[in-house]
Structures are given as structure tokens and as C-alpha cells.
Amino acid sequence: MAWRSCFIFRLAREDALGCTLRGNRLSHSFQQRCGFRKTTKKPEPKKGEEDVGSPAAESSEGLVSRRAPPGEPPTPPSSPRGFSRLVKPLVFTVGFTGCSFGSAAIWQYESLKSRVQSYFDEVRADWLEKMRPRKHGDFRKEVNQWWNSLSAGQRTVTGIIAANALVFCCWRIPSLQRSMVKYFTANPASKTLCSPMLLSTFSHYSFLHMAANMYVLWSFSTSAVSMLGREQFMAVYLSAGVISTFVSYVCKTATGRLGPSLGASGAIMAVLAAVCTKMPEAKLAIIFLPMYTFTASSALKAIVAMDTAGVVLGWRVFDHAAHLGGALFGIWYILFGHDLIWKNREPFVKIWHDLRTRGPGRGGNDGGGNGGGGSI
């Protein structure tokens, strides 16, 4: 088990975007979300002219009254702290988690259903490959050899890493800055609350931040996917990203420390916590200090304790609430969630199987033996 030199002790989730975004683009985005503009100052009328209503004054007053209710000055988006705004994110979190595991169950069913056919296709492809003359220096063949040399976990997270790299490149396009701040940063004060809960999991503004997170994900992917399977792993990863963001929403709303955050740390913390909970005696080491080793359970306890202290003491270096939410979800899923969710997916898979086999060919039993694929 390749555990040594593959562990980074802290995961960096940026709690704010940096001076450039914070000073210019975020403030501009917040002004855009307020829904009001600064009106030009008009000269005050003289005392004798106070009762004289000019059409220009009436139109100006009408404009102001339409933009802000009378008696209520317009407030910036950082002021609301009501938990009622978190109802939609809560519904989105529950619904997305259910859809993630449901889709993972269907994905596994379809994979097992096509495995027999793909087996015969591979046998025929191998026979044709032997009959065909070999090409030397074929780039495509070298790429295929490299891909086949990867573990199942590494192949699974390759798409996640590519998506993070693509979003990182989008941050470098000036014309996309406003959309990136709106949809790829999670902020409970924003008008857009639900979609950033997922999209911010693939968003990194700093290259060092992205490199550290992707390295940890790559290091733990082999153990996590071999333990859960690629379908269940993807469901856990995506659900953990949304759940950790919701925990961050709740913490920021309760403390009033509103602000944007982004990064895959919450989802990666769930993967790390799941592996450490399942294999507590595994030996880990810090990447820069491989000579010092410790058990996975000790590392998990230290990380949870540090993030808990960060939430209680109000540290703002990282989004400690998101880290803690992801870690607790990973621990809960290994101890209870796997039995409550994944092992009880048989009725759902059976419904999908009936829908797949219904139609003109429902008399055949060609797919009847595939319903047992959910037992894995």
C-alpha cells in the first residue's frame, strides 16, 4: 500500500479570493447584486421653494422610490443573516445527494450490464491487434499504454483533475471574471446560492491551492476507489462537496463572517476521512518529511481538532467549516451511510431494471440476470 510520501497534512481551501478580486471585482459584483445605483446629487432647493414640486424632482423621487422601498434604505448583500435564506440550499443539498447516489447506482447497473458484451469485444479486438502489423512510435498507442498503467482510482480522478484545471484557466480570462465570481465562489450573501455549492468544488484561483488539493486527491484515489468502487466514490465526492459548502453557509450565516470561498478541500477531506476511518492503522507521512510517520487515525483526529478550533476561534485562513463538514461526512458515511444508503439501493435498481426491460422486447429475459449487479 503506497501510503508513504503521499499525504499533505493540511488542505488549503481559500476563504477569500485575494486582494485583486476582493478589492475590485468582488466589490463591483456586490454592487451589481444590490440592485441600486448611486444617484447624482442635486442642489438643495431654497426655503421658499421647498413646497414647489418640479417635474424633475418628482421623477427623481419616483425613481428612488421604485429602487428602494420607502423608509428602508438599500442594504448591501453582506448584511442579511437570516437562516431562512438557507432553506433552498438545504433542499438542494438533500436533493443533489439523493440524485448522486441514485445516478451512481444506475451507472453501476449499466456498467455491469455491458460488461459481458465488452468482454467479447475486447477478445475480438485483441485478435485483430495480433493480426495487424505493429506500429512503432505511435503516440496514441503510448497514451493508451500510459492510461492502462494507471490504477482504477487514478483513472477515475483524472476527469476531476481535468475539470479543475479547466476552471482554473477560466479564472485567467478577464471577460469571465464576473461570471466566475457569481457561479464558482460559494457565498451565503450572494443571490446565487445553489449552483455555486457544486461548481465551487471544482474552482481554484491559486495554482498552489489547486496543485496541493489535486495531489492529495491523486494520492488517496487508489485506496478510496478500491474501497468504494468508482461509482460510489463519485457519489461520495460530489455529495461531500455540496454538503461541506452547506456547512460553510451555516457557519458563515451564524457568525456573520460572510464572504466567498472556493476549492475542492471539503470533498477531498471526505475522501481522506473515509480512507482513514476504514484503515485507521495505515501509515501516513508528510510529503516534505517522509521520515516521520503516523497512523491514519491520529492524522484524522489532528485534522478534525484543528478545523474545530478554527471554527470556534474564528480563524479565517482557511474555510475550516467546509473542511470539518467534509471530514464529518466522510466519517459518517463509512460508519453508517454505506449501510443506510448504498446497501439499500436494490429497490431503486430493480425499478430501473424494469424500466429498461419494458417495451417491445419485454418478453425476453436477456437482462434478467443483471439486476444482481447491485450486490457488489
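Glu110 is partly exposed, with a relative accessible area of 23%, on a scale where buried means under 20% relative accessible area, exposed means over 50% and partly exposed lies in between (1.4 Å probe, protein chains only). This residue forms a salt bridge with Arg356, the closest N and O atoms being 2.7 Å apart; a salt bridge is taken here as a side-chain nitrogen of Lys or Arg within 4 Å of a carboxyl oxygen of Asp or Glu. Arg356 likewise counts as partly exposed, at 37% relative accessibility. The pair links distant parts of the chain, since Glu110 lies in helix α3 and Arg356 in helix α14 (residues 346-357), 246 residues apart.

The structure is a predicted model, in which local features need pLDDT of at least 70 and side-chain atom pairs count only at pLDDT 80 or more, while totals for chains, interfaces and linings use all residues. Residues are numbered from 1 along each chain as its sequence is written, and side-chain values use heavy atoms, with hydrogens and water left out.

The mean pLDDT of the protein, that is, the predictor's confidence in each residue on a scale from 0 to 100, is 77, and 68% of the residues reach 70 or more. Over residues 1-39 the pLDDT is below 50, although this stretch has 121 contacts in the model beyond near neighbours in sequence, a contact being heavy atoms within 4.5 Å. The pLDDT is also below 50 over residues 45-79, a stretch with 15 contacts beyond near neighbours in sequence.

As for the overall fold, the secondary structure comes to 14 helices and two strands, both defined as DSSP runs numbered from the N terminus, with helices (H or I) of at least four residues and strands (E) of at least two. Of the contacts in the protein with a separation of 6 or more, 80% are accounted for by residues 24 or more positions apart. Ser103 is itself partly exposed, with a relative accessible area of 45%. Another example involves Lys191, placed in the loop between α7 and α8 (195-199), which is 106 residues from Arg85 in sequence and 9.6 Å from Arg85 in space, C-alpha to C-alpha. Lys191 is exposed, with a relative accessible area of 59%.

Turning to the interior, buried residues make up 40% of the 376 residues in the protein. In soluble globular proteins, nonpolar side chains tend to be buried together. The largest nonpolar core has 53 residues, and those with the most contacts inside it are Trp171, Leu217, Phe233 and Tyr237; such a core is a set of buried Ala, Val, Leu, Ile, Met, Phe, Trp, Tyr and Cys residues joined through side-chain atoms within 4.5 Å. Among the elements that give two or more residues to this core are α3 (87-113), α6 (152-170), α9 (207-228), α10 (230-255) and α11 (265-278), and α11 gives the most, with 10 residues. Leaving aside its neighbours within four places in sequence, Tyr237 is in contact with Ile160, Thr201, Leu217, Ala264, Ala267, Ile268 and Val271. A second, separate core of eight residues includes Leu86, Leu193, Val242 and Tyr249.

Phe139, Val143, Trp146 and Trp147 make a nonpolar surface patch of about 440 Å²; patches consist of residues with over 30% relative accessible area and no salt bridge, with like charges joined within 9 Å and nonpolar side chains (Val, Leu, Ile, Met, Phe, Trp, Tyr) within 5 Å. Val143 lies in helix α5 (residues 139-149) and is partly exposed, with a relative accessible area of 35%.

The structure holds four salt bridges, including the Glu110 and Arg356 pair described at the outset. Side chains of opposite charge can pair when their charged atoms come close. Lys350 forms a salt bridge with Asp354, the closest N and O atoms being 3.4 Å apart, and because these residues are four apart in helix α14, they are separated by about one helical turn. Lys350 counts as exposed at 53% relative accessibility, whereas Asp354 is partly exposed at 29%. The side chains of Lys343 and Asp339 also meet in a salt bridge (3.2 Å, N to O).

Conventions:
Accessible areas come from the Shrake-Rupley method with a 1.4 Å probe; for residues, only the protein chains shown count as cover.
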